[in-house]
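Student: I would like to learn how to read aromatic pairs. Please show me the structure first.

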Amino acid sequence: MNTLNQFLAQHLPEHKLPQELASVLESVAAACLDINAKVCLGALSGVLGMAGTGNIQGEDQKKLDVIANNIMIDVLKANTNIAGLASEEEDTYVATHENGDYLVLFDPLDGSSNIDVNISVGTIFSILAKPEGALTTESFLQKGREQVAAGYVLYGPQTQLVLTVGHGVFVFTLDDANQFLLTKENPRVPESTKEFAINMSNQRHWFAPVQQYIDELLAGETGVRGKNYNMRWVASMVAEIHRILMRGGVFMYPQDKRDPSKPGKLRLMYEANPMSLLMEQAGGASNNAIEAMLDIQPTGLHQRVAVFMGSREEVEYVYHLHQK
Ligand code: AHM
Ligand code: MG
């Protein structure tokens with residue numbers, strides 16, 4: 001079985017991708033190993049509970065949000081191939097090495113509400129080539145389609161790294177010697193599904209197309225869709241997307257009527273875009289009900305976006321309801 005390093009040494013040259021990218025991916029994986037060690041020990045490493053601080057997005061930070069963010073920044077800063085970093089937990093970007101070729105954007109610990117109750121959480125990352133010239137916020141504001149690599153690490157019953165460099169999706173499982181081993185190549189998201197994921201408690205706030213869509217799914221075989229659906233909601237995007245990559249489904253976090261300044265809850269640059277690249281690479285689809293996620297021109301590092309992704313048939317169906 002190939003280790004992550006062996007895989008990168010073969011796969012990147014096969015697709016004419018530079019070794020510097022392998023080095024960046026190895027650093028991301030190394031940081032995630034350190035985060036994994038903290039997550040696994042939980043109370044024993046004193047990482048549970050609130051940090052008593054907030055991030056730029058007005059969210060209270062958990063201790064582990066802050067610890068994971070510091071680990072990512074410390075480990076990635078040491079890699080001279082990286083020119084800059086952007087994190088969910090940092091107000092602005094962090095400049096690292098002037099001559100670096102890559103930018104790394106990340107959510108250091110996604111699904112924070114699950115940390116203290118021992119439910120799966122994850123780290124999501126997106127890698128872009130650094131444009132020519134001085135590093136500015138604009139350097140990061142590239143469409144999702146420009147990502148040179150993207151993936152996540154799921155801290156769950158198994159710790160898994162799921163990765164794409166734009167040529168398929170690869171799943172690695174952490175072994176007891178702390179090595180990521182390639183355990184699955186090119187999972188495919190089935191076109192059809194009978195499983196959906198949405199936070200139903202927000203139902204009264206949804207706009208009409210999402211109301212109609214979920215009503216149709218709930219009607220099951222007595223409704224227009226003619227089949228019974230099952231629902232899952234972990235409240236950890238990484239766990240949700242991993243399930244969909246493995247067996248199909250549709251994941252939604254729509255914009256709703258509560259706060260017109262927030263087009264959804266999830267963030268484009270380090271949540272929606274990396275997950276959308278994985279989805280497309282696995283045969284799934286992803287959009288914000290207006291356009292393909294990967295075609296959205298970003299306007300801010302922490303921009304929020306509505307999310308519909310997963311099995312193509314459902315993602316296209318709900319997209320068409322929005323166009324009516
Ligand atoms: P976070 O980055 O603050 O952890 O928030 C993102 C998470 C996603 O993992 C998940 O899909 C969603 O928020 C759950 O939201 P809710 O608690 O509204 O169900
Ligand atoms: Mg997040």
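Tutor: A pair of aromatic rings is described by the distance of the centres and the angle of the planes. Rings of Phe, Tyr and Trp (its six-membered ring) pair if their centres lie within 6.5 Å; planes under 30 degrees apart are stacked, over 60 edge-to-face, the rest tilted. This is a predicted model, where local features need pLDDT of at least 70, side-chain atom pairs count only at pLDDT 80 or more, and totals for chains, interfaces and linings use all residues. Residues are numbered from 1 along each chain, and side-chain values use heavy atoms, without hydrogens and water.

Student: How many aromatic pairs does a search of the whole structure find?

Tutor: Six. One of them joins phenylalanine 7 and phenylalanine 170. Their centres are 4.6 Å apart, with 50 degrees between the planes, and the pair is tilted. Phenylalanine 7 lies in helix H1 (residues 4-14) and phenylalanine 170 in strand S9 (residues 170-174), so the pair ties together parts 163 residues apart in sequence. Helices (H or I, at least four residues) and strands (E, at least two) are DSSP runs, numbered from the N terminus.

Student: Are phenylalanine 7 and phenylalanine 170 buried or exposed?

Tutor: Buried means under 20% relative accessible area, exposed over 50%, partly exposed in between (1.4 Å probe, protein chains only). Both are buried. Ring pairs also link Phe7, Phe170 and Phe172 into a cluster.

Student: How is the pair of tryptophan 233 and phenylalanine 251 arranged?

Tutor: Stacked: 5.6 Å centre to centre, 10 degrees between the planes. Tryptophan 233 is partly exposed, at 25% relative accessibility. Phenylalanine 251 is buried, at 2%.

Conventions:
Chains lettered and ligands numbered in written order.
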